[in-house]
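Trainee: I have a model open and would like to learn how to read its features. Please give the general idea each time, and then the case at hand.

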Amino acid sequence: MKHTLSVLVEDEAGVLTRIAGLFARRGFNIESLAVGPAEQDGISRITMVVPGDDRAIEQITKQLYKLINVLKVQDISDVPCVERELMLLKVNATSSTRSEIVELAQIFRARVVDVAEDSLTLEVVGDPGKMVAIVQVLNRFGIREIARTGKISLVRESGVNTEYLKSLEVKV
């Protein structure tokens, strides 16, 4: 199972290296990693997607707390969250396929950010599932390049679980 960890750290040189080293020493893979300033000056939030069972994640959490500069570790995998990712996608576009690609991009609320003679570059923001879906749809045109950020996530203060609400919509 994939787990999403939200880690608050002091914003100091070397903290990310120590965290990555911890994962490497333990033989854990990090599937996605996003780092940026948090709400307080001098604090950064690291959002990681890590494969593993509950026992392994509990172990890695304990190890993270032992590192200097780590303030808080939270497994937010089963907590209602807002999740987003950013992807830039360069796709082949001829004069005959350009309008179809733009229409498909609009369905996914993607923006065209660069137009070339034989390609379009799209900016897509959304949950990770949306990223997979648009790649599948545009694959038939020929994808030249993809650049993705890691997943970022914040716990929903409202406690509303949108995945649960989506499952209700499907049943209705």
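Trainee: Which residue forms a salt bridge with Lys 62, and how far apart are the closest N and O atoms?

Mentor: In general, side chains of opposite charge can pair when their charged atoms come close. In this predicted model, Lys 62 forms a salt bridge with Glu 58, with 3.4 Å between the closest N and O atoms.

Trainee: Where do Lys 62 and Glu 58 lie?

Mentor: Both are in helix H2, four residues apart, which is about one turn of the helix. Helix H2 covers residues 54-66.

Trainee: Is Lys 62 buried, partly exposed or exposed?

Mentor: Lys 62 counts as partly exposed because its relative accessibility is 46%, and buried would require a value under 20%. Glu 58 also has 46% relative accessibility and counts as partly exposed.

Trainee: How many salt bridges does the structure hold?

Mentor: There are nine salt bridges in the structure. One of them joins Glu 31 to Lys 2, where the closest N and O atoms are 3.2 Å apart. Glu 31 sits in the loop between helix H1 (15-26) and strand S2 (32-37), and Lys 2 sits in strand S1 (residues 2-10), so this pair ties together parts that are 29 residues apart in sequence. Glu 31 is partly exposed, at 39% relative accessibility, and Lys 2 is exposed, at 53%.

Trainee: What is the accessibility of each partner in the salt bridge of Glu 39 with Arg 45?

Mentor: The closest N and O atoms of Glu 39 and Arg 45 are 3.0 Å apart. Glu 39 counts as exposed at 65% relative accessibility, whereas Arg 45 counts as buried at 19%.

Trainee: Next, strands. Which strands pair with S5, and in what sense?

Mentor: For a regular strand, the general idea is that side chains alternate between the two faces of the sheet. As for pairing in this model, S5 and S7 run antiparallel and are joined by eight bridges. S5 and S8 also run antiparallel, with five bridges between them. S5 and strand S9 (residues 152-155) pair in the antiparallel sense over four bridges.

Trainee: Now a helix. Which residues of H4 are buried?

Mentor: H4 spans residues 128-138, and its buried residues are Lys 130, Met 131, Ile 134, Val 135 and Leu 138. Viewed down the axis of H4, these buried residues fall within an arc of 135 degrees, so they line one face of the helix.

Trainee: What do the buried residues of H4 pack against?

Mentor: They pack against strand S5 (81-92), helix H3 (98-107), strand S7 (119-126) and strand S8 (143-148).

Trainee: What is found at the start of H4?

Mentor: There, a side-chain oxygen of Asp 127 comes to within 3.0 Å of the backbone nitrogen of Gly 129.

Note on methods. Residues numbered from 1 in each chain as written. Predicted model: local features only at pLDDT ≥ 70, side-chain atom pairs only at ≥ 80, totals over all residues. Heavy atoms only, no water. Helix = DSSP H or I, 4+ residues; strand = E, 2+ residues; numbered from the N terminus. Buried < 20%, exposed > 50% of the residue type's maximum accessible area, 1.4 Å probe, protein only. Arc of directions from axis to C-beta. Contact = heavy atoms within 4.5 Å. Polar contact = N/O pair within 3.5 Å; in protein donor to acceptor, adjacent residues only side chain to side chain. Pairing = 2+ DSSP bridges. Salt bridge = Lys/Arg side-chain N within 4 Å of Asp/Glu carboxyl O.
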